[in-house]
Amino acid sequence: MIKTLAVLCLSALPACADPVPVAVFDMSFINFSQEVDYGARNDAEQARIAMLSDHLRDRLNASPRFSLVDTEATAEAQRMHGEVFTCNACEAKLARAAGADLSITGAVQKMSVLVQTVILRERDAATGEVLALYQTDIRGNTDIAWLRGLDFLIDNRLLAENP
């Protein structure tokens, strides 16, 4: 009786889907602040965008929803296109070449010293269609602020049941 009840309860649960193969490309840093007019380059921000790219991969790799594919085979094409986030949908082609069903990339747009926007974009590799575009504004130009913005998008949008 107990075994039958356990089997019935377990069969009522939704089946776990196989993880979706996804190509996660480096995030971009887009500086719209006035610093650009003066030729300023902030090495800390360049380090932060690399940190966010690694963090995004780590978080998605730990998720049962996704299976990260190796994008190294597309490195030359990525260099040819430049920033994947701004390459006019090239990430779909790159993701297909890497064997992925989806691509995920993102950016941090800096508006000023205080205001930045973190963006994540999910694209269907077969059709090139943008499936989701998430963004959140953050205040503060620190490692913690950038990570909190990215984690918010991952937890409450990308990996949420009903974003």
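Which residue's side chain meets that of Glu45 in a salt bridge?

1. The partner is Lys110, with an N to O distance of 2.4 Å. Here a salt bridge requires a side-chain nitrogen of Lys or Arg within 4 Å of a carboxyl oxygen of Asp or Glu. The pair links distant parts of the chain, since Glu45 belongs to helix H2 (residues 43–61) and Lys110 to strand E4 (residues 102–110), 65 residues apart. Helices (H or I, at least four residues) and strands (E, at least two) are DSSP runs, numbered from the N terminus.

2. The model is predicted: local features need pLDDT of at least 70 and side-chain atom pairs count only at pLDDT 80 or more, while totals for chains, interfaces and linings use all residues. Residues are numbered from 1 along each chain as its sequence is written, and side-chain values use heavy atoms, with hydrogens and water left out.

3. Glu45 counts as buried because its relative accessibility is 1%; Lys110, at 1%, also counts as buried. Buried means under 20% relative accessible area, exposed over 50%, and partly exposed in between (1.4 Å probe, protein chains only).

4. Arg59 forms a salt bridge with Asp155, their closest N and O atoms lying 2.3 Å apart. This pair joins helix H2 to helix H5 (residues 143–158) across 96 residues. Arg59 is partly exposed at 23%, as is Asp155 at 39%.

5. Glu91 and Arg123 form a salt bridge at 2.7 Å between the closest N and O atoms. Glu91 lies in helix H4 (residues 90–98) and Arg123 in strand E5 (residues 115–124), so the pair ties together parts 32 residues apart in sequence. Both residues are buried.

6. Under this rule, the count is nine salt bridges.
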